[in-house]
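The sequence and structure come first.

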Amino acid sequence: MDRDGAPPQTQGRVELAASTGDITAQNDESTSSRSVSRERLPTASRYETDDGLRDYFESAQWTADGTTILTSSSSNLISGYIVPQDLLSPTASRPLQLVPQAAIQLPEPSNVLAGAPYFRLAEPWTQQLLVSARDHPIQLFYLAPSPSSSQHPYHQKPASCYPLTKARSETFLSATSLVWPAPGTHFVAGSRNLLAQFDVARAGDEPLRRVKTIPSDRHPAKGGGVGMRGAVSALAAPPPDARHAGDLVAAATWTRWVGLYDFAAPDAGACVATWSVARAAADAGSGGGGGGGVGGDGVAQALWSPCGRYLLLGERKSAGVLVYDVRVTGRLLGWLAGRDALGNQRIACDVFPGQDGGGAGGEAGFEVWSGSTRGDVKVWEGVGTREGAHEPAWGWSAARGSTVSSTCMHQSGTVVATCSGSWEFPEGEGEEDEESSSDDDSRSQSEKTSSKAPWMCRQNRESSLKIWSLANNDYEASSPREDGDGTK
């Protein structure tokens with residue numbers, strides 16, 4: 001580790017294979033060659049909002065078959081980027097240009113984005129995704145609209161809706177988190193003090209099950225210390241080949257509580273355990289002396305290990321990721337130090353089975369890949385094989401001073417996708433015209449800037465979607481798009 005706490009920069013282990021380029025700096029000329037013409041793009045996603053802030057990527061994720069990357073942006077645009085067939089070809093001219101092959105313009109911001117666990121590029125009927133906006137039911141869209149549809153391809157109607165309403169007032173509840181586990185027949189949505197399980201085949205119906213995370217939200221005590229109170233900010237299901245796949249769901253809240261719920265129990269949705277992460281986060285890195293620890297201000301992501309034994313919890317405004325062994329409920333196994341998720345923006349990490357076999361008893365543990373607010377991607381190896389602090393093994397710079405909000409490992413292990421995007425307040429408000437040709441011009445610019453509210457003076461940082469290839473990959477044996485199917 002260097003003096004700034006950054007991991008060793010090993011840029012030679014990764015190579016930029018494809019990129020969209022900085023979308024905040026693109027103009028008409030640089031985007032006219034896209035497969036989707038600029039004139040057909042929604043107005044909100046073309047350039048900037050009323051306060052001058054340009055569109056930027058907020059999240060990215062691989063589809064289930066590994067052929068497509070789904071992204072969401074600040075202009076409420078959902079896009080699908082199909083991986084180029086010659087991504088790992090040794091004769092390709094890198095970096096290749098990434099262009100969206102499909103997009104959906106949402107009328108309102110969505111708190112969630114989940115692709116179907118049965119997504120297949122060769123079968124259009126499987127190309128489904130779920131979103132949830134305020135004052136609307138949970139909506140299912142097809143990424144590729146029907147050829148017979150006369151609608152604009154970016155402004156399509158949802159194929160199905162799943163209402164989540166208050167029992168007494170019938171007002172819509174917004175899903176603040178959602179998980180759609182394999183095989184894909186059901187999904188679970190989280191809201192304030194509530195979990196709801198839906199049947200995908202029953203469009204228009206209320207949830208099959210409602211599970212309250214506290215006994216009552218009408219009592220003045222709000223649960224009286226039983227359960228976990230607050231909006232469910234993160235949901236996670238174990239991987240398909242884990243022991244409790246499809247049954248156990250981990251839920252976390254902005255109030256820094258975590259719960260495990262079993263939807264296969266006779267009383268479906270039974271709470272297995274709940275605990276607070278506040279004490280563990282405060283003790284981590286401080287030796288139990290209350291020296292601040294890794295910090296945190298609400299769980300932004302819950303993630304299971306590939307084996308399904310460990311639960312990872314990443315908070316906003318945190319310098320680490322907490323690692324719990326679910327076989328010993330509520331006991332902290334360790335934490336991933338040096339993550340640097342120091343803002344309110346969500347930073348999503350990913351896991352991958354270990355390769356080195358360096359753990360105790362020959363166990364390899366698993367790898368964790370995460371971005372940071374400084375534009376770096378960091379990799380922790382052998383996670384789960386040790387207790388206490390776990391420093392990153394290596395990393396590289398993936399963005400120029402912008403937050404890397406999503407880091408997604410492809411299931412083949414040959415490539416990793418990152419998306420970056422954020423904004424900042426300019427330093428020295430109104431001082432950007434120091435070398436202006438005229439004092440009058442400088443004065444008028446300064447007066448114009450100072451008259452704006454602070455939030456109207458925001459500036460974009462670099463925002464791009466990138467695919468990185470890992471060193472020493474065999475193109476013929478491990479291309480992410482073998483036969484148009486990304487299955488292992």
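Y261 stands opposite C271 in strand 18. Strand 17 and strand 18 (residues 270-276) run antiparallel and are joined by six bridges. Strands here, like helices, are DSSP runs numbered from the N terminus (E, at least two residues, for strands; H or I, at least four, for helices), and two strands pair if DSSP finds at least two bridges between them.

Strand 16 and strand 17 form a hairpin with three residues between them. R256, in the turn of this hairpin, has a positive phi of about 70°.

## Basis of the model

The model is predicted: local features need pLDDT of at least 70 and side-chain atom pairs count only at pLDDT 80 or more, while totals for chains, interfaces and linings use all residues. Residues are numbered from 1 along each chain as its sequence is written, and side-chain values use heavy atoms, with hydrogens and water left out.

Strands of a sheet pair through backbone hydrogen bonds, either parallel or antiparallel. Four strands form an open sheet in the order 7-8-9-10, with antiparallel pairing. Strand 7 (110-115) and strand 10 (160-162) are the edge strands, each pairing on one side only. On average, neighbouring strands of this sheet are turned by 20° against each other, direction ignored. Such angles run from 0 to 180 degrees between N-to-C directions, with axes as lines fitted to C-alpha atoms, for helices over the stretch in contact.

Within this sheet, strand 8 (residues 128-133) pairs with strand 9 (residues 138-142) over four bridges in the antiparallel sense. V131 stands opposite Q139 of strand 9. The loop between strand 8 and strand 9 holds D135. D135 is not a glycine, yet its phi is positive, at about 60°. D135 counts as exposed because its relative accessibility is 55%; exposed means over 50% relative accessible area, buried under 20%, and partly exposed in between (1.4 Å probe, protein chains only).

Strand 13 (residues 194-199) and strand 14 run antiparallel and are joined by four bridges. L194 stands opposite K212 in strand 14.

## Backbone exceptions in loops

Most residues other than glycine have a negative phi, and most peptide bonds are trans. The peptide bond from R94 to P95 is cis, with omega near -5°, and P95 sits in the loop between strand 4 (77-82) and strand 5 (96-97). The bond from A182 to P183 is cis as well, with omega near 5°. P183 is in the loop between strand 11 (177-179) and strand 12 (186-191).

N76 is a residue other than glycine with a positive phi, near 65°. N76 lies in the loop between strand 3 (68-73) and strand 4.

## Totals

The protein has four helices and 32 strands. Of its 488 residues, 51% count as buried.
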